[in-house]
Amino acid sequence: MSTLLSRVALVVRDYDEAIAWFTGKLGFSLLEDTPQGDKRWVVVAPPGGSCALLLARAANPAQAGFIGHQAGGRVWLFLESDDFHADYQRMLAAGVRF
């Protein structure tokens, strides 16, 4: 039996803003964007990755307060790359802050 982590939920301010950031700046792929009433099931992942992010729009001000602080000030996202320098330069050019 094997077990793997397939999705990690990330609270975001706005679905479209988050999709644009992850796909446009980090080069992630949009795997799913399915309407579910007033919410959406939005999943993004890095190319070739085995784990994806479920982008969950904040439902109230308390949840919105955690946007950008979900890891308590710690690094929360670790990406592996087969060409770190090229990916780093591409992300810098896209406006990603390290």
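So, valine 12: leaving aside neighbours within four places in sequence, this residue is in contact, meaning heavy atoms within 4.5 Å, with Ala18, Leu55, Ala56, Arg57, Ala58 and Ile67. Valine 12 sits in strand β1; helices here are DSSP runs of H or I with at least four residues, strands are runs of E with at least two, and both are numbered from the N terminus. Is valine 12 buried or exposed? Buried, with a relative accessible area of 7%. For that word, buried is under 20% relative accessible area, exposed is over 50%, and partly exposed is in between, using a 1.4 Å probe and protein chains only. Glycine 27 is 15 residues along the chain from valine 12, and their C-alpha atoms are separated by 18 Å.

Quick housekeeping. This is a predicted model, where local features need pLDDT of at least 70 and side-chain atom pairs count only at pLDDT 80 or more, while totals for chains, interfaces and linings use all residues. Residues are numbered from 1 along each chain as its sequence is written, and side-chain values use heavy atoms, with hydrogens and water left out.

Okay, the overall layout. We've got 3 helices and 4 strands, and reading along the sequence the order goes β-α-β-β-β-α-α. The C-alpha trace spans about 40 × 40 × 25 Å along its principal axes. There are 98 residues in the chain, and 19% of them count as buried. Take the contacts with a separation of 6 or more: 51% of those come from residues 24 or more positions apart.

Now the strands. I'll call two strands paired if DSSP finds at least two bridges between them. β2, residues 29-36, runs antiparallel to β3, residues 39-45, over 7 bridges. Along that pair, serine 29 is opposite alanine 45, and threonine 34 is opposite tryptophan 41. Their hairpin has 2 residues between the strands, and glycine 37 there takes a positive phi near 70°.

On to β4, residues 52-57, which pairs with β3, again antiparallel, over 3 bridges. Valine 42 stands opposite leucine 55 here. How many residues lie between β3 and β4 in their hairpin? There are 6, and glycine 48 in the turn has a positive phi of about 75°. One reminder while you look at the strands: in a regular strand the side chains alternate between the two faces of the sheet.

Next, the inside. By nonpolar core I mean buried Ala, Val, Leu, Ile, Met, Phe, Trp, Tyr and Cys residues joined through side-chain atoms within 4.5 Å. The largest one has 14 residues, and the members touching the most others are Leu10, Phe22, Leu26, Phe28, Val44, Leu53 and Leu55. β1 (7-12), α1 (15-24), β3 and β4 each put in at least two residues. Which element gives the most to this core? That's α1, with 4 residues.

Skipping residues up to four places away in sequence, leucine 53 touches Val8, Leu10, Phe22, Phe28, Val42, Val43, Val44 and Trp76.
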